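Biologist: Please take me through some of the labels on this model and say what each one rests on.

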Amino acid sequence: MKITQISVFLENKSGRLYDAVSLLGKKKINIRALTIAESEDYGILRLVVDKPALAAESLKKDGFVANITDIVAVEIADTPGGLAKVLGALSKDKIDVEYMYAFVEKQSGKALMVFRFENIDKAVRSLAKNKFVIVGKKEIQSL
């Protein structure tokens, strides 16, 4: 199962991050997870939201460069070594992680790791084979 991520390119200017997230708030779009990677000139804001199509459309209409990307969210035991188990299974199957970030799901107390893979279908098969819980769009939207 894949979920949708929005990647937004932000100039390194004061208030630009505020502009992006306040626009989403005005559109009643709830941010479920985010991460920011930055360089000297720009940053990449990666978001998991409850209404990804509306988020991307709204950001583009407001002048942001926004792309939609498929990612995978995996439920991981919130215990020491939980992440290592997932990464070990992926490594054994020779699947490289492009990037990842985490958020905690409130109700179960489990950690959710968001992964971006070069070969997402191969990664999903590996995770399923190794009995990891892959979180779908409905579960993300209901968080």
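**Labels and their grounds**

Modeller: Phe9, Tyr42 and Val65 make a nonpolar surface patch of about 270 Å². This is a predicted model, in which local features need pLDDT of at least 70 and side-chain atom pairs count only at pLDDT 80 or more, while totals for chains, interfaces and linings use all residues. Residues are numbered from 1 along each chain as its sequence is written, and side-chain values use heavy atoms, with hydrogens and water left out.

Biologist: What makes a patch?

Modeller: Its residues have over 30% relative accessible area and no salt bridge; nonpolar side chains (Val, Leu, Ile, Met, Phe, Trp, Tyr) are joined within 5 Å, like charges within 9 Å. The areas come from the Shrake-Rupley method with a 1.4 Å probe, and for residues only the protein chains shown count as cover.

Biologist: Why does Val65 count as partly exposed?

Modeller: Buried means under 20% relative accessible area, exposed over 50%, and partly exposed in between (1.4 Å probe, protein chains only). Val65 has 48% relative accessibility, so partly exposed is the label. Phe9 at 31% and Tyr42 at 41% are partly exposed by that rule too. Val65 is placed in strand β4 (residues 65-76); strands (E, at least two residues) and helices (H or I, at least four) are DSSP runs, numbered from the N terminus.

Biologist: Which residues of helix α3 are buried?

Modeller: In α3 (residues 82-92) they are Gly82, Val86, Ala89 and Leu90. Down the axis of α3 these buried residues fall within an arc of 100°, so they line one face of the helix. The arc is taken from the directions from the helix axis to the C-beta atoms. Exposed residues Ala84, Ser91 and Lys92 sit on the face of α3 turned away from the buried side.

Biologist: How many aromatic pairs are there?

Modeller: The count is two. Rings of Phe, Tyr and Trp (its six-membered ring) pair if their centres lie within 6.5 Å; planes under 30 degrees apart are stacked, over 60 edge-to-face, and the rest tilted. The ring centres of Phe9 and Tyr42 are 6.4 Å apart and the planes stand at 50°, so this pair is tilted. Phe9 is in strand β1 (residues 3-11) and Tyr42 in strand β3 (residues 42-49), 33 residues apart.

Biologist: Why are Phe115 and Phe117 called stacked?

Modeller: Their ring centres are 5.4 Å apart and their planes at 15°, so the pair is stacked. Both Phe115 and Phe117 are buried.

Biologist: How do you know that Lys2 and Asp121 meet in a salt bridge?

Modeller: The rule asks for a side-chain nitrogen of Lys or Arg within 4 Å of a carboxyl oxygen of Asp or Glu. Lys2 and Asp121 meet it at 3.1 Å, N to O. Lys2 is in the segment before β1 and Asp121 in helix α4 (residues 120-129), so the bridge ties together parts 119 residues apart in sequence. The count by this rule is six salt bridges.

Biologist: What is the label for Arg16, buried or exposed?

Modeller: Arg16 has 16% relative accessibility, so it counts as buried. Its salt bridge with Glu11 has closest N and O atoms 2.7 Å apart, and Glu11 is partly exposed at 38%.

Biologist: What about Arg116 and Glu98?

Modeller: Their side chains meet in a salt bridge at 3.7 Å, N to O. Arg116 lies in strand β6 (residues 111-117) and Glu98 in strand β5 (residues 97-104), so parts 18 residues apart in sequence are tied together.
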